[in-house]
Amino acid sequence: MKIRGYRIELGEVESQLLKVESVREAIVIAREDGSGEKRLCAYFVADKPLTVSELRAELSQEMPAYMLCRRTLFSWSGCR
């Protein structure tokens, strides 16, 4: 899929999310904003609270900036 002129594999972004220690489930989709431009949006479930900035910092070690999701939504679950 092309987003902002770059070819991005959603599954590759998902697998990088799943490498983050506390992330248990993840899905990445492309959504259109109000102007019709596609943007990456990530949803994930984690075992402990994890801020978006912490997640971005971890992902940026393995992924180029253009592959980082602009919108990240998460759910924290204390259950194992």
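Predicted model: local features only at pLDDT ≥ 70, side-chain atom pairs only at ≥ 80, totals over all residues.
Q: Which elements make up the protein chain, and in what order do they run?

A: Helices (H or I, at least four residues) and strands (E, at least two) are DSSP runs, numbered from the N terminus. The protein chain has two helices and five strands. From the N terminus on, their order is β-β-α-β-β-α-β. Of its 80 residues, 30% count as buried.

Q: Where is Q16 found, and which residues of that helix are buried?

A: Q16 belongs to helix α1. This helix spans residues 10–18, and V13, Q16 and L17 are its buried residues. Viewed down the axis of α1, the buried residues fall within an arc of 105° (taken from the directions from the helix axis to the C-beta atoms), so they line one face of the helix. The general idea is that an α-helix has 3.6 residues a turn, so residues three or four places apart point the same way.

Q: What do the buried residues of α1 pack against?

A: Contact means heavy atoms within 4.5 Å. The buried residues of α1 pack against β3 (23–32), β4 (38–46) and α2 (52–60). Leaving aside residues up to four places away in sequence, Q16 touches L59, E62 and M63. With that exclusion also applied to L59, its contacts are Q16, L17, V20 and L68.

Q: Which residues of the largest nonpolar core touch the most other members?

A: A nonpolar core is a set of buried Ala, Val, Leu, Ile, Met, Phe, Trp, Tyr and Cys residues joined through side-chain atoms within 4.5 Å. The largest one holds 18 residues, and V13, L17, V23, F44, L55 and L59 touch the most other members. At least two residues of this core come from each of α1, β3, β4 and α2. Strand β4 gives the most, with four residues.

Q: How many salt bridges does a search of the whole structure find?

A: A salt bridge is a side-chain nitrogen of Lys or Arg within 4 Å of a carboxyl oxygen of Asp or Glu. The search finds four. One of them joins D47 to R24, with the closest N and O atoms 2.3 Å apart. D47 lies in the loop between β4 and α2, and R24 in strand β3, so the pair ties together parts that are 23 residues apart in sequence. D47 is buried, with a relative accessible area of 14%, while R24 is partly exposed at 45%.

Q: Which residues are linked in a network of salt bridges?

A: The network links D33, E37 and R39. The side chains of D33 and R39 meet at 3.0 Å, N to O, and those of R39 and E37 at 3.8 Å. The relative accessibility of D33 is 24%, which counts as partly exposed. R39 is partly exposed at 23%, and E37 is partly exposed at 33%.

Conventions:
Residues numbered from 1 in each chain as written. Heavy atoms only, no water. Buried < 20%, exposed > 50% of the residue type's maximum accessible area, 1.4 Å probe, protein only.
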